[in-house]
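Here are my notes on the model, as numbered points. Please read them with the structure open.

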Amino acid sequence: MDERRGVDEHDAVAVAERVASGRASAREVLEESLARVARLDPPLNAFSVVLAEAARAEADARDAAQAAGEPLGPLHGVPVAVKEELDVAGAVTTYGGEANSAAAPADAELVRRLRAAGAVVVGKTTMPEFGAFPFTEGASRGLTRNPWDPSRTPGGSSGGTAVAVATGMVPVAVGGDGGGSIRIPSACCGLFGLKPQRGRVTAAPQPHLWWALGTTGPLARSVRDAALVYDVVRGSLPSDLHHAGEAGSFVEAAGRAPGRLRVGWSVRPVTRGVRPHPEHVAAVHDTARLLAELGHEVREVDPRYPDPTAAFVPQFLAGIRSEAELVQHPERLERRTRETLRLGAWVTPRVREAALRRTRTVSALANRVFEGDGAVDVLLTPATAHRPARAGVLDGRGTVASSLLALPSIAYAALWNVAGNPAAAVPAGLASDGLPLAVQLVGRTDDEPTLLSLSAQLEAARPWSFPPRRLRGCC
């Protein structure tokens, strides 16, 4: 641990400080990262590809620039990884499968921004094909396992990203969230994961990620790491389908007190028929008590959730189809993906446009909790309904059975993809099974700063630490 900063030595901010101060070179930090990947990744399957030689060349270029006195970016020398759905120049964008074979000619805009800030791209992280389900497993890439308990899933679809960060293979890594896929693996692996406001981060070179549902962003070991990366990558382009409003510096927000907030809590799932695990309910109650002790006005609320199904399902199916249309070898798609595409044939452009219109209605209804008499500033809920499932839970299962198994994971998360609001998974200790607990904080439209300030306050009051205890001493 870095006692001066009170953070783990693998914290991204701490790594950037080490390199900028000359206490370590970018190449030395990279070699430490690559050594951890080589030692830890084989049984966990966080990385789909490690770009070791390209990363070494990039780290050497960072060191040469520093020696020449060039200005240093905020992520100078920090090893990062990105989810397989993002283009990295010279690497195949696999979307988690085998249907692409040609390397991407250029970086996605988000990756370009990471490099411009001085980051070193170590590799790409494992995901299920097209990120279809909240479990990181498939016929092509096999099982990705939770480092706290390898018999369990790390969640998904950004499961490889979560494992890479939770084990310290890289300080921070980028995932995507179309129905909870940043928050779910963050909750399963003990990380801070903020889904930003819809349109906050560009999807370029694509115009969207699953139409109105998806966005990209970091999974991090600390709130300030997430804020730092967001300040580097955020901002939309004219080519993007969606654009967020102004929000100010995320780093500044993470560093200031939130003030006295009105926090409403609820353990009622959006998804009917799903019952939250008792320890997830207890985590909400414990967090509510802590927030009250910190001076906030805290009370139970009825969010009056709208049903997001008619908006979510067509966009989910249309989103997978839009990505499947980009691959070079559709005959290589996994069996379950082909089944999903067949089952989604009813989502015509007209149906998709109706779902997008329904999205606006759902957003207005979901945001009632933040408006009018009895309004709150932040909504506190469980992050997921159930504990992490066993690894391999989707083995032999088709689209319908897999979708039913996914419901407890997305029961609190997917609504906010439809509504577009920022929402964060925040660590809340350990459950009796030895795996992390988490709660979800949901903010008003464009109000990531309040979530970051409040999450940082919780982090200070209830510190979380990494890597998992069984891996300490080796990473």
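1. Helix α15 (residues 448-461) lies across β7 (192-195), β9, β11, β12 (423-430) and β13 (436-443). Its direction is about 150 degrees to β13. Contact here means heavy atoms within 4.5 Å. Axes are lines fitted to C-alpha atoms, for helices over the stretch in contact, with angles from 0 to 180 degrees between N-to-C directions. Helices (H or I, at least four residues) and strands (E, at least two) are DSSP runs, numbered from the N terminus.

2. A caveat on provenance. This is a predicted model: local features need pLDDT of at least 70, side-chain atom pairs count only at pLDDT 80 or more, and totals for chains, interfaces and linings use all residues. Residues are numbered from 1 along each chain as its sequence is written, and side-chain values use heavy atoms, with hydrogens and water left out.

3. The sheet is open, with 11 strands and mixed pairing. Its order is β1-β3-β2-β6-β8-β7-β12-β13-β11-β9-β10. Two strands pair if DSSP finds at least two bridges between them. Neighbouring strands are turned by 25 degrees against each other on average, direction ignored.

4. Strands β9 (residues 262-265) and β11 (residues 378-382) run parallel, joined by three bridges. Trp265 stands opposite Leu380 in β11.

5. Another helix, α4 (residues 109-116), lies across β2 (79-83), β3 (120-125), β6 (172-177) and β8 (215-220). Helix α4 runs at about 180 degrees to β2.

6. How many aromatic pairs does a search of the whole structure find? There are five. Rings of Phe, Tyr and Trp (its six-membered ring) pair if their centres lie within 6.5 Å; planes under 30 degrees apart count as stacked, over 60 as edge-to-face and the rest as tilted. Trp210 and Phe316 are edge-to-face, at 5.3 Å centre to centre and 90 degrees between the planes. Trp210 is in the loop between β7 and β8 and Phe316 in helix α10 (residues 309-324), so this pair ties together parts 106 residues apart in sequence. Trp210 is buried at 7% relative accessibility, and Phe316 is buried at 10%. Buried means under 20% relative accessible area, exposed over 50%, partly exposed in between (1.4 Å probe, protein chains only). Ring pairs link Trp210, Phe312 and Phe316 into a cluster.

7. Two arginines deserve a look. The charged end of Arg234 sits over the ring of Phe250, 4.4 Å from its centre. That of Arg352 sits over the ring of Trp211, at 4.0 Å. The criterion is NZ of Lys or CZ of Arg within 6 Å of the ring centre and within 35 degrees of the ring normal.
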